[in-house]
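Please load the model in your viewer and keep the selection panel open. The stops below go from the whole chain to single contacts.

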Amino acid sequence: MRPAAPGPADEEAAIAAAETLLADPGHRDHPLRAALADLLAVHRAQQERVERLVRISDGYHSLSRTHSSNLTEKFERQVRRLEKLARISDLYQSNLRELTEALRETSLKDPLTELGNRRYLMDRLKEETERARRKDSPLCVALLDVDHFKQINDRHGHDTGDQALCRIAAAMRANVREYDTIGRWGGEEFLLLFPDTGEAEATLTVERVREAIAAIDLDLGHAPPLGLTASIGLTRQRSGETYSATVNRADDALLSAKQLGRNRSVVL
Ligand SMILES: Nc1nc2c(ncn2[C@@H]2O[C@H](COP(=O)(O)OP(=O)(O)OP(=O)(O)O)[C@@H](O)[C@H]2O)c(=O)[nH]1
């Protein structure tokens with residue numbers, strides 16, 4: 001069996017024993033005393049060197065621990081800052097999208113009647129003309145003009161005129177299909193666009209709209225209710241023609257309706 005390796009307690013006991021021997025005046029002239037003193041000195045120097053190395057190594061470890069925890073904190077701070085920036089940028093972009101959409105809607109809407117405005121109608125006319133051509137399907141266009149509207153303004157005031165326009169817009173909205181387009185062409189004139197619709201069906205629709213307008217009684221409060229009428233010109237787009245040519249023919253039909261006595265529709 002091998003003897004167990006000496007531990008720190010053995011080392012301390014050996015040093016104490018050596019020191020006792022060296023301090024004993026009885027061993028002053030012993031031939032091995034000088035060698036024992038040298039050995040003890042060498043041991044102490046080595047012990048000191050080891051302790052210094054341990055201190056340096058401990059210092060280095062604690063320094064590197066501090067350094068790496070500083071780096072981790074710095075990294076986490078940067079990540080938090082980036083996350084905040086990403087959130088701000090997302091919010092900014094969604095606000096910008098909403099604003100752009102609101103601006104686009106406003107630029108295409110008539111503020112009084114809340115129907116599409118002339119710019120919107122031009123876009124729709126263009127799109128529907130192209131679609132009708134692609135699909136070889138019928139497209140009808142009508143122009144509607146309120147009768148004697150100037151008189152309404154002159155006799156009852158501009159606000160009553162505005163109210164009349166809103167009621168007419170509502171009557172139009174209530175009497176067309178979901179995929180028809182209606183909008184304010186300008187002043188007291190409106191445009192109706194009937195995709196995938198032949199002349200006969202479109203005539204029925206514009207007549208329904210005209211009757212609904214004729215049934216409006218505008219409450220004036222102080223005077224008997226005010227009746228309204230409108231004249232309508234309707235046409236079907238011809239093969240290969242531009243939408244402005246179609247609108248011009250609808251305008252001619254509207255003029256005829258006015259000339260024939262108003263409150264009627266004419267198809268050209
Ligand atoms: N209240 C109001 N009036 C408007 C608006 N836009 C246009 N008008 C008026 O509409 C009137 C149109 O008059 P005219 O073009 O002479 O037509 P009309 O009196 O309807 O006559 P006919 O079309 O021949 O039956 C003008 O007095 C315009 O000032 C609006 O937004 N509100």
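How many Å separate the centres of domain 1 and domain 2, taken over C-alpha atoms? The separation of those two centres is 87 Å. To see this, select 7-106 for domain 1 and 118-267 for domain 2, bounds that come from an automatic or database domain assignment. Residues are numbered from 1 along each chain as its sequence is written. This is a predicted model, in which local features need pLDDT of at least 70 and side-chain atom pairs count only at pLDDT 80 or more, while totals for chains, interfaces and linings use all residues.

Next, select the ligand and its shell of 17 residues, of which D147, F149, K150, G161 and G187 come nearest; a residue is near a molecule if its C-beta atom, placed from the backbone, lies within 6 Å of it. Two or more residues of this shell are given by each of β1 (139-146), α4 (149-156) and α5 (158-175), where helices (H or I, at least four residues) and strands (E, at least two) are DSSP runs numbered from the N terminus. By class, the shell holds four nonpolar, six polar and seven charged residues, with Ala, Val, Leu, Ile, Met, Phe, Trp, Tyr, Cys and Pro counted as nonpolar, Asp, Glu, Lys and Arg as charged, and the others, Gly among them, as polar.

Now colour the strands. Five of them form an open sheet of mixed pairing, in the order β2-β3-β1-β6-β7; two strands pair if DSSP finds at least two bridges between them. Because β2 (181-186) and β7 (265-267) stand at the edges and each has a single partner strand, one side of each is left without a neighbour in the sheet. From one strand to the next, the twist averages 20°. Zoom in on β2 and β3 (residues 189-195), which pair in the antiparallel sense over five bridges, and find I182, whose bridge partner in β3 is L192.

Finally, show α5 with α6, which pack at an angle of about 140° with their axes 9 Å apart. Here I168, A171, M172, A174 and N175 in α5 meet T205, R208, V209, A212 and I213 in α6, contact meaning C-beta atoms, placed from the backbone, within 7 Å. The residues of this contact divide into seven nonpolar, two polar and one charged.

Methods:
Axes are lines fitted to C-alpha atoms, for helices over the stretch in contact, and angles run from 0 to 180 degrees between N-to-C directions. Two residues are in contact if their C-beta atoms, placed from the backbone, lie within 7 Å.
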